[in-house]
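The sequence and the structure are shown first.

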Number of protein chains: 2
Amino acid sequence: MGANEVDGSGGSSAMRTAETLLRILPMALCVAALVVMLKNSQSNEYGSLSYSDLGAFRYLVHASGICAGYSLLSAIAAALPRPSNLSMAWAFFLLDQLLAYMILAAGAICTEVVYLAYKGDVSITWSETCSSFGGFCRKATASVAITFIVTLCYAGLSLISSYRLFSKFEAPVACTNKGIEITAI
Amino acid sequence: MGANEVDGSGGSSAMRTAETLLRILPMALCVAALVVMLKNSQSNEYGSLSYSDLGAFRYLVHASGICAGYSLLSAIAAALPRPSNLSMAWAFFLLDQLLAYMILAAGAICTEVVYLAYKGDVSITWSETCSSFGGFCRKATASVAITFIVTLCYAGLSLISSYRLFSKFEAPVACTNKGIEITAI
């Protein structure tokens, strides 16, 4: 009960715990996507192919790294039981939104590359590669799939942080108190 | 003055006009991106290339069409001077967010394809195409650039719609009115 009231308009401690967990989950997933992609290289009789040969996969690695770092920092910030203020709510809101867009773009770009690697495109003379580099394509697909789960997490997080920000904007705390006081008098 | 009070917590008429304009702008831009991409085909001595040969560009056309339709409908809905309710605020919020993600994904995917068409990728044996089909690539780039402006519009719109939704959640309208009435009495 006391813990619920410590942080004022920052939400209850149960909500804070839920938010912290929801920020730790994408951190773990980002690290997973990062590791799977970093270890993704294959050499066979057709030649060798590594994630770093493709700009899209390099971007995914960078985006996952940034996302993992931000998720960790924001989980720590969300876990601290101090009263949240407006500028911090704005920072969470804008950064969560930005990360959601960044990680979605990474997932979308890599999906297109994986799609082209599987199917090829005859009209533009891009040959399919996955019959020769099956293992490479499967690992890339796994990494991209994890990235989309991270995107879902961040879509949820930006919903939470926008609720926190804007429900604070016209927060009726002062006026409610006055109303109640006056009624009581 | 009277117009400001018609729609209660739905915001002032100036804000409503601004939101309507911000919804008409992406509609016009989506139609522009759509038309530029639809007319994008080139035939020369190397062969012919049309937007429909590439899955990413087909997706851009569909996404732009959906976005233009939604922008028109939502502009009409935002312009009507009726009192906004919670379920409509939720619908705006979720759809604006969804459209922002959809149009960003379309832009990101097509950016990757345009990048590959300009640069190619030696390690995966995808040749660059833009030296043969320069006009095609320039038109595709223009269409993608417009799509990113639309993405910015929708990022702004989802900010506005989340403000509208969540500032309503704990809206102090009833309590403020009571407070003022009691004070007046």
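The sections below treat the annotated spans, the helix packing within the chains, the contact between the chains and the symmetry of the copies.

## Model and annotated spans

The structure is a predicted model. An unreviewed UniProt entry lists residues 20-38, 59-78, 98-118 and 139-160 of chain A under "transmembrane region".

Two of these listed spans can be described by their extent in the model. Residues 98-118 of chain A are 100% helix and 0% strand, and the C-alpha atoms at the ends of the span are 30 Å apart. Residues 139-160 of chain A are likewise 100% helix and 0% strand, with end C-alpha atoms 32 Å apart.

## Helix packing within the chains

Two packed helices are described by the angle between their axes and the distance between the axes. In chain B, helix H2 (residues 13-38) packs on helix H3 (residues 55-79) at about 155 degrees, with the axes 8 Å apart. Because angles over 145 degrees count as roughly antiparallel, H2(B) is roughly antiparallel to H3(B). The crossing of H2(B) and H3(B) is left-handed, and their contact comprises 19 nonpolar, 5 polar and 3 charged residues.

In chain A, the axes of helix H3 (residues 55-79) and H4(A) cross at roughly 155 degrees and come within 10 Å. By the angle, H3(A) is therefore roughly antiparallel to H4(A). H3(A) passes H4(A) in a left-handed crossing. Classified by residue type, the contact of H3(A) with H4(A) has 22 nonpolar, 3 polar and 1 charged.

## Contact between the chains

Helix H4 (residues 86-119) of chain A packs against helix H4 (residues 86-119) of chain B at an angle of about 45 degrees, and the two axes are 8 Å apart. That angle makes H4(A) oblique to H4(B). The crossing of the two helices, H4(A) and H4(B), is right-handed.

On H4(A), the contact is formed by A:Gln97, A:Ala100, A:Tyr101, A:Leu104, A:Ala105, A:Ala108, A:Ile109, A:Glu112, A:Val113 and A:Leu116. On H4(B), the contributing residues are B:Gln97, B:Ala100, B:Tyr101, B:Leu104, B:Ala105, B:Ala108, B:Ile109, B:Glu112, B:Val113 and B:Leu116. The residues of this contact between H4(A) and H4(B) divide into 16 nonpolar, 2 polar and 2 charged.

## Symmetry of the copies

Two copies of a chain are related by a rotation about an axis and a shift along it. Here, chain A is superposed on chain B by a rotation of 180 degrees with 0.0 Å of shift along the axis, at an RMSD of 0.0 Å. This is the relation of a two-fold axis.

Of the interface residues of chain A, 100% are also interface residues in chain B, so the copies meet through the same surface.

Definitions and conventions:
Residues numbered from 1 in each chain as written. Chains lettered and ligands numbered in written order. Predicted model: local features only at pLDDT ≥ 70, side-chain atom pairs only at ≥ 80, totals over all residues. Heavy atoms only, no water. UniProt positions renumbered as here; feature names shortened; annotations may be inferred. Helix = DSSP H or I, 4+ residues; strand = E, 2+ residues; numbered from the N terminus. Axes fitted to C-alpha atoms, helices over the stretch in contact; angles between N-to-C directions. Parallel < 35°, antiparallel > 145°, perpendicular 65-115°, else oblique. Left-handed = near helix turned anticlockwise from the far one by under 90°. Contact = heavy atoms within 4.5 Å. Nonpolar A, V, L, I, M, F, W, Y, C, P; charged D, E, K, R; others polar. Least-squares fit on C-alpha atoms with pLDDT ≥ 70 in both.
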